[in-house]
Amino acid sequence: MEAIQPRHDKTTLEQLEFPRILEKLASHLSTSYGSDQLKQLEPDVQVETVRRRLEEVREMMALLQSGEVIPLGGLSDIRPLLQKTRPAEAYLEGEELLEIQHHLQMMGEIHLFFRKHQEAAPGLYFYARGIHGHKNIVSEIQRTVDSSGEVVDHASPELRDIRRQIRHLESEQKRVLQQMLKKYAEYSQDEIVTLRDGRMVLGIQQQWVSRVNGIVHGTSASGATVFIEPMETLQISNRIQSLRIEERKEVIKILRFLTDLIRQVRDDIYYGIENIGYLDVLLAKARLALELKAEIPRVREDGPIRLKNARHPLLILKMGHQHVVPLSVTLGEDFVTLVITGPNAGGKTVSIKTIGLLMLMVQYGMPIPAEADSEIPLLPQILVDIGDRQSIEQDLSTFSAHVVRMREILERADARTLVLIDEIGTGTDPREGAALAISILQYLTRRKVFTIATTHHGELKAFAHQEAGVENASMEFDLETLQPTYRLRVGVPGSSYAFEIARRYGLPDWIIQRAREVVGQEKDQLEKLVLELEKRIQQLEKQQLELSIRLTEAEGLRQLYQNQVETLKREKAALRQKAAREAAELVQQARATIEKLVQEIRQTQAEKSRIKMARQTLEQLQAEMETIATGEPETGESPPMDLRPGDRVWIESLREEGEVLTPVDDKGKVRVQVGHVKLNIEVHQLRRLERPAEAPRTFQRAATLKAGMSQPAVKPELDVRGMDAIEAVEATDHYLTQAINAGWDEVRIIHGKGTGVLRQRINEFLARDRRVLEKRLGRWGEGDTGVTIVKLKK
């Protein structure tokens, strides 16, 4: 079966501003190879392909979050040099060979890096396997060419012999020239020997040229000095020049040999460069995803679009993640068409652009700034009509241009298409425009086309309310401040708030009143109804927020109680076992003591003093047994009289220590901090602690009969989920000391996946800590990227 290909047109990409996303992606690239691969990047709607691409980005993100430095920087483009080696007789110069050598060394480092992390990043290692460093070629170049790009003497015996002869002749030449310099000292200009056209010459004053026997090689710029090669050195110079020619021939022979080595693996190097480009694009995607705080959504072939807390990526880059209002929407489940209304500058256009842009990013293998449980169907077509499409060249008005685009959309749209229309039916008579809009949306809805349209037409609100498969939505507007909140609300029609905004900006009341009369009483009542509905919704949302907070507190309390009950059950079982062991030991000791006393009484023939001592010993044993039987701990606590904030208390029902936050209220309760949870607890359940709280000491008296008490065991894992970054690092620091003292060689730090902040901060700390031998992210079955495995030094 032929694979379905995406059919997004240029208009869609431009109006959704996807080229700006690619520009930002390009800014994160490290190599020119990545730039070329990015230009070839295409969308895909095959589920397995898109999932694989996203998984590769996730692996790269995990490496970055663990503090690893991906070795893709510092690579120059050697493709022109490889192209130069194509002719059979071509050769590269020494400097060019050094560039190839450096590049091959970097390719080797890239391969080794990803091989080291192949268990955590198998998708990335797939590309790295095609990148080879060719150590034999690197070694040969290093042996033959020095750091300045010159071929070294020992590159071949012939070259070594030629250069030895040249050095000998040059030394002889200098000796003879020094003699000539003394001979012609009275005629020389500066008494120096210089090089001219590869020949050693003397600088003779112009008027004494005829006195020197030699060959003229030119004059100085002023003409005052003539450069003459004495006849006495001519033969030596000729021999040196001849040897220089032989030297160059031998050097070229060596360079050709090295070039031929490169030529033999040229295709493999090209393949490695291509894979480096793939890895560079994945690295850029990962860097951008971390900058956007993006997640990998669930990808499906079809089904509804379900976005949770999605944000526009370009707005995040401009304003920061925390300043962009998220939107949540589901399309294709209860309805396939969504009609969004609301005031101007309220965020309608941004909302539909966000949805379209995130759909595109997923098809290009990019994580999106939305929650990870968002669901994205891979739709082959996204058709968009956004903005003013007026065209002077084509003699089209705004309305005409929109109509032309609508015709294209209606011709191409099917059940696997997302259509985004901004201000549908605008640019003409409002009634006629609304009628056209209803007709278009009705046609798309009945063809099951995913459609989102924005509008100011009131008629479309009624249409969305009545038509099956269509739903209203609106952009929230704060009625107190008369400012948009940019929150999308599905199921509620919106108002344009024209009269309210006009009043806020100072338009006279009589103008606004007259406008209401012109609109008509029926429409005015409808707008008032929408406003009243808006007020009630906002009130309900505030109440819902308060209830959500209380529910969260109750859930935290329930979880705390449940954990404590489980802990108490485990402690109870352990205490029973411990009591049984200790009781058995005491019985055995008592028997031994009684037998010893009986033996002593018999040996002393029952002296009164020995009988009295035996009776006292038995009474002491009986007292110890009674103490163990009661199991009452020595608490050292005092009644909770007038508790104050800051007092430390023991909560008997939880078997936990806490800190008082508020004075006792009129209901006899105080607010207590227990760990990360704040609870309201009745005073009679508390005991003030006069010293640091101790665990229940049942059987502690009996335990003293043994050698000593064992210290609580240090577990081989630490859970820092729920802490902030500073708390997590401090807890990890303290825990490592405990783990080393307890004798653990390997421990687990559980930080969770979440936004990746804890994972990044903890890995940065571990990378600097001298107690850590090595660290890595968890593998499948160990907790994946939500866990860091740490090996400790002895």
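Mentor: Let us begin with confidence. The pLDDT is the predictor's confidence in each residue, on a scale from 0 to 100. For this chain the mean pLDDT is 83, and 84% of the residues reach 70 or more. The model is predicted, so local features need pLDDT of at least 70 and side-chain atom pairs count only at pLDDT 80 or more, while totals for chains, interfaces and linings use all residues. Residues are numbered from 1 along each chain as its sequence is written, and side-chain values use heavy atoms, with hydrogens and water left out.

Trainee: Which residues of helix α8 are buried?

Mentor: A residue is buried under 20% relative accessible area, exposed over 50%, and partly exposed in between (1.4 Å probe, protein chains only). In helix α8 (residues 135-144), the buried residues are Ile-137, Val-138, Glu-140, Ile-141 and Thr-144. They lie on the same side of α8 because they cover an arc of only 165 degrees around the axis; the arc is that of the directions from the helix axis to the C-beta atoms. Lys-135 and Asn-136 are exposed on the face turned away from that buried side. The buried residues of α8 pack against α6 (94-116) and α10 (234-264).

Trainee: What is the order of the strands in the open sheet?

Mentor: Two strands pair if DSSP finds at least two bridges between them. Here six strands form an open sheet in the order β10-β11-β12-β8-β13-β14, with mixed pairing. At the edges stand β10 (381-385) and β14 (483-490), each with a single partner strand, so one side of each is left without a neighbour in the sheet. From one strand to the next, the twist averages 15 degrees. Axes are lines fitted to C-alpha atoms, for helices over the stretch in contact, and angles run from 0 to 180 degrees between N-to-C directions. Helix α14 (residues 398-412) packs on the sheet, where it touches β10 and β11 (417-421), and its direction makes about 160 degrees with that of β10. Within the sheet, β8 (residues 337-341) and β12 (residues 450-454) pair in the parallel sense over four bridges, and Thr-337 stands opposite Thr-451 in β12.

Trainee: How many salt bridges does a search of the whole structure find?

Mentor: A salt bridge is a side-chain nitrogen of Lys or Arg within 4 Å of a carboxyl oxygen of Asp or Glu. The search finds 41 of them. In one, Glu-247 joins Arg-163, with the closest N and O atoms 2.7 Å apart. This pair links distant parts of the chain, since Glu-247 is in helix α10 and Arg-163 in helix α9 (residues 157-183), 84 residues apart. Glu-247 is buried at 12% relative accessible area, and Arg-163 counts as buried at 10% relative accessibility.

Trainee: Which residues are linked with these two in a network of salt bridges?

Mentor: The network links Asp-153, Arg-163, Arg-167, Glu-170, Arg-244 and Glu-247.

Definitions and conventions. Helix = DSSP H or I, 4+ residues; strand = E, 2+ residues; numbered from the N terminus. Contact = heavy atoms within 4.5 Å.
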